[in-house]
Amino acid sequence: KLQKYRPAIKNIHADSGGLQIITRGLKNTPEVREKVYTNQATYADIGMSFDEIPVKATQDGKSSKIDTKRRYYDKENFENYARQTGKNVRAQIETFNKMNSKCRPFVIIQGSSYDTYKRWAELVLEEVGDLQDHIGGVAMGSAALGMGQLEDVKRAFYVAQMPFKRPFHLHVLGVGALRRILPYILFSQSGMYEGI
């Protein structure tokens, strides 16, 4: 009998709150991140990472999560954003380890194409260095690629190509409708997600 769903890692997920920090006009400082990491380490099994989103808003400086017409992919600062994300993940792991926590970070990968998602993952892993085994899973961000049906399929395909050690867990971001998760279900049932 075919097993349709993989076992879950644990039940308590803690968001980083990075998007809420930005939308409230607050600063994402090392002190704020450390408070979040401590909270995640104390109460959660999974802690979403602070990813530095590689997009810039157009003239008015405003862009909703799904609005791709008023923002653009920031190619010039891409590497800096990816490396800072890796540093954030490393600091998160160090806090978890210092507190003897069972919590594991889920890394949010950003990109605008297969090549940029893969490069982002490589740069993050370079910064995480010898602590890579502490990463619990991966989530594919949509800020630079967009959130249409084709983009959902692309992200669902790209995740199986990411250079993380298997097994790793996949966290699907922003699922507000069944159609958004269908590509992941189909790829899982096809066997493409072996070890994910």
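Reader: What share of the residues in the protein chain is buried?
Author: Of the 196 residues in the protein chain, 41% are buried. Keep in mind that this is a predicted model.

Reader: And the accessible surface, what does that come to?
Author: About 10,800 Å² for the protein chain, with 52% of that area belonging to carbon and sulfur atoms.

Reader: How many helices and strands are there?
Author: The protein chain has six helices and seven strands. Along the sequence the pattern reads β-α-α-β-β-β-α-β-α-β-α-β-α.

Reader: Of the contacts between residues at least 6 apart in sequence, what share joins residues at least 24 apart?
Author: In the protein chain, 74% of them do.

Reader: Let's go inside. How many residues are in the largest nonpolar core?
Author: It has 28 residues, and Ile109, Ile135, Met140, Met162 and Phe164 are those with the most contacts inside it. Two or more residues each come from helix H3 (78-98), strand S5 (104-109), helix H4 (114-128), strand S6 (137-140) and helix H5 (149-158).

Reader: Which element gives the largest share?
Author: H4, with seven residues of this core.

Reader: What does Phe164 touch?
Author: Leaving out residues up to four places away in sequence, Phe164 touches Val107, Ile109, Ala121, Leu125, Ile135 and Val138.

Reader: What is in the second core?
Author: That one is separate and has nine residues, among them Ala14, Tyr37, Ala41 and Phe50.

Reader: Changing topic. How many aromatic pairs turn up in the whole structure?
Author: The search finds seven. Tyr114, Tyr117 and Tyr158 are linked into a cluster by ring pairs.

Reader: While we're on tyrosines, where is Tyr73?
Author: Tyr73 lies in strand S4, residues 71-73. Its relative accessible area is 22%, so Tyr73 counts as partly exposed.

Reader: What is Tyr73 in contact with, leaving aside its neighbours within four places in sequence?
Author: Pro54, Val55, Phe78, Ser112, Thr116 and Ala144 are in contact with Tyr73.

Reader: Now charges. How many salt bridges are there?
Author: The count is 13. As a rule, side chains of opposite charge can pair when their charged atoms come close.

Reader: Which residue does Glu126 meet in a salt bridge?
Author: Arg83, with 2.9 Å from N to O. Glu126 is in helix H4 and Arg83 in helix H3, so this pair ties together parts 43 residues apart in sequence.

Reader: Is Glu126 buried, partly exposed or exposed?
Author: Partly exposed, at 47% relative accessibility. Glu126 also belongs to a network of salt bridges that links Glu79, Arg83, Glu126 and Glu127.

Reader: What about Arg90 and Asp130, what is the N to O distance there?
Author: Their side chains meet in a salt bridge at 3.1 Å. Arg90 sits in helix H3 and Asp130 in the loop between H4 and S6, so the pair links distant parts of the chain, 40 residues apart.

Reader: How exposed are those two, Arg90 and Asp130?
Author: Arg90 is partly exposed at 23% relative accessibility. Asp130 is exposed, with a relative accessible area of 65%.

Reader: Which residue does Arg155 form a salt bridge with?
Author: Asp152, with the closest N and O atoms 2.5 Å apart. Both residues lie in helix H5, three residues apart, which is about one turn of the helix.

Reader: Are Arg155 and Asp152 buried or exposed?
Author: Arg155 is buried, with a relative accessible area of 2%. Asp152 is buried too, its value being 2%.

Reader: Last stop, the outside. Which residues form the nonpolar patch on the surface?
Author: Leu178, Leu182 and Leu186 form it, and together they have about 310 Å² of accessible area.

Reader: Where does Leu182 lie?
Author: In helix H6, residues 178-190. Leu182 counts as partly exposed, at 38% relative accessibility.

Methods
Residues are numbered from 1 along each chain as its sequence is written. This is a predicted model: local features need pLDDT of at least 70, side-chain atom pairs count only at pLDDT 80 or more; totals for chains, interfaces and linings use all residues. Side-chain values use heavy atoms; hydrogens and water are left out. Rings of Phe, Tyr and Trp (its six-membered ring) pair if their centres lie within 6.5 Å; planes under 30 degrees apart count as stacked, over 60 as edge-to-face and the rest as tilted. A nonpolar core is a set of buried Ala, Val, Leu, Ile, Met, Phe, Trp, Tyr and Cys residues joined through side-chain atoms within 4.5 Å. Buried means under 20% relative accessible area, exposed over 50%, partly exposed in between (1.4 Å probe, protein chains only). Helices (H or I, at least four residues) and strands (E, at least two) are DSSP runs, numbered from the N terminus. Contact means heavy atoms within 4.5 Å. A salt bridge is a side-chain nitrogen of Lys or Arg within 4 Å of a carboxyl oxygen of Asp or Glu. Patches are made of residues with over 30% relative accessible area and no salt bridge: like charges are joined within 9 Å, nonpolar side chains (Val, Leu, Ile, Met, Phe, Trp, Tyr) within 5 Å. Accessible areas come from the Shrake-Rupley method with a 1.4 Å probe; for residues, only the protein chains shown count as cover.
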